[in-house]
Amino acid sequence: MLVSRIRSSRLGQEYKSELTMFFIFIVFFIAMSFASPYFFTKNNILNVMSQVSVNSMLAIGMTIVIITAGIDLSVGAILGLSGMVGGMVLMNTHNIMLGVLVILCISVVVGVVNGFLIGYLSMPAFIVTLGIMEICRSLDYVISDANTASKFPSGFAFLGKSKVFGSLPFYVIFIIVMFLFFSWLLSRTKFGRFLYAIGSNAEAARLTGINIKFNVMMAYVVSGLMCGFGAWMMTSRLMACDPTYGVGNEMDAIAAAVIGGTSMSGGKGTMAGTFIGVLLVGFLRNALNILGVNPFWQGTVIGTVIIVAVMAEQLSKLNHRS
């Protein structure tokens, strides 16, 4: 009944998929609270927020790319490479500013390469980002010689370990600010409107004078930059970096965006939906662990949720056309 009322309102029509996912998330949260006394506790919620912090950054960038009808399979590898290079700089120089600058620069440079090949050379996003993913993974192992970078200066832990209002991790505030900023960027700026127009109909967008190549490249640059923020957060929280970090994170980022209502065909998606998607994926994994579900089955559950989300989107399109 609640979903029906939401759908009947103007706000409900505009954010129908996001509100539906939020309703599902609340129902899931309440059900798990009854299923386990450990689920709805302060420590468990903070634990999940810690686990989804890095994926939040990747999901923001992934949402922007998918809105243009693209995909970025390299986000996990960019995260690992930029974190490792920045970590090695930190370990050898103990210069925090230089380390952070290197992390962000590496991620932006890889984003520029992705964006140039896809936007200006019109190469398929799937192939380009798959290739970049392999290159970044390889460089990660070559540069680190498969060793862990650690012994960072203590001040570098500020982003990942400092707390505000007593026990609230600072990075939770950082995540919320980033979601609010990119929500504003998508809904209130020309750049945001251009991305939706490109994803909806690239040819029509070109005829209206939108610079398709530049804006597509910028979408991948933003995605790369968000990988840098994710790498900064990860290395700051763990105070170390391993060449295996970031493996599989691209799938969680895609899952969060799609489950949050971002259309894989482009032209549709919001940061509010992605935020709900990030939380749903994070708490779903947490719930499976609490309930003692075999970890090997977790991928099956998450994959099924993604397929159901895409199926619901397709059914919604068919109903709209009919």
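Modeller: Lys151 is exposed, because its relative accessible area is 69% and the cut-off for exposed is over 50%. The model is a predicted one. Lys151 belongs to the loop between helix 7 and helix 8, the latter covering residues 158-161. Its backbone has a positive phi, near 55 degrees, although Lys151 is not a glycine.

Ser122 can be read alongside it. The phi of Ser122 is near 55 degrees, again a positive value in a residue other than glycine. Ser122 sits in the loop between helix 6 and helix 7, with helix 7 spanning 125-144. With a relative accessible area of 60%, Ser122 is exposed.

How far can these positions be trusted? The average pLDDT of the chain is 89, and 94% of the residues reach at least 70. Confidence is highest in helix 6 (residues 96-120), at a mean of 97. It is lowest in helix 1 (residues 2-8), where the mean is 47.

Now follow helix 4, residues 42-67, which packs against helix 12, residues 212-238: their axes come within 7 Å and cross at roughly 175 degrees. Because an angle over 145 degrees counts as roughly antiparallel, helix 4 is roughly antiparallel to helix 12. On the helix 4 side, the contact includes Ser50, Ser53, Val54, Met57, Leu58 and Ile60. On the helix 12 side, the residues include Ala219, Tyr220, Val222, Phe229, Met233 and Arg237. Of the residues in this contact, 15 are nonpolar, 5 are polar and 1 is charged.

Beyond helix 4 comes the loop between helix 4 and helix 5 (75-93), where Thr68 is found. Thr68 is buried, because its relative accessible area is 9%, and buried means under 20%. Apart from neighbours within four places in sequence, Thr68 touches Leu195, Ile198, Gly199 and Ala219. Thr68 and Gly199 are 131 residues apart in sequence, yet their C-alpha atoms are 3.9 Å apart.

Gly199 turns up again among the contacts of Gly267, which also touches Ile67, Tyr196 and Ser200, leaving aside neighbours within four places in sequence. Gly267 lies in the loop between helix 13 (249-259) and helix 14 (271-290). Between Gly267 and Ile198 there are 7.0 Å from C-alpha to C-alpha, for a separation of 69 residues in sequence. Ile198 is in turn one of the contacts of Thr68.

Two other residues give a sense of scale. Arg188 is part of helix 9, residues 170-188, and is exposed, with a relative accessible area of 63%. Its C-alpha is 23 Å from that of Gly115, which is 73 residues away along the chain. Thr189 is in the loop between helix 9 and helix 10 (190-200). Thr189 counts as buried, at 13% relative accessibility. From Thr189 to Lys163 the distance is 33 Å between C-alpha atoms, with 26 residues separating them in sequence.

Last, the cysteines. A search of the whole structure finds 0 disulfides. Why is Cys105 in none? Cys105 is partly exposed, at 41% relative accessibility. Cys227 is in no disulfide either, with its nearest cysteine sulfur, that of Cys136, 9.0 Å away. Cys227 counts as buried, at 0% relative accessibility.

Notes
Residues are numbered from 1 along each chain as its sequence is written. This is a predicted model: local features need pLDDT of at least 70, side-chain atom pairs count only at pLDDT 80 or more; totals for chains, interfaces and linings use all residues. Side-chain values use heavy atoms; hydrogens and water are left out. Axes are lines fitted to C-alpha atoms, for helices over the stretch in contact, and angles run from 0 to 180 degrees between N-to-C directions. Helices (H or I, at least four residues) and strands (E, at least two) are DSSP runs, numbered from the N terminus. Angles under 35 degrees count as roughly parallel, over 145 as roughly antiparallel, 65 to 115 as roughly perpendicular and the rest as oblique. Contact means heavy atoms within 4.5 Å. Ala, Val, Leu, Ile, Met, Phe, Trp, Tyr, Cys and Pro count as nonpolar, Asp, Glu, Lys and Arg as charged, and the others, Gly among them, as polar. pLDDT is the predictor's confidence in each residue, from 0 to 100. A disulfide is a pair of cysteine sulfur atoms within 2.5 Å. Buried means under 20% relative accessible area, exposed over 50%, partly exposed in between (1.4 Å probe, protein chains only).
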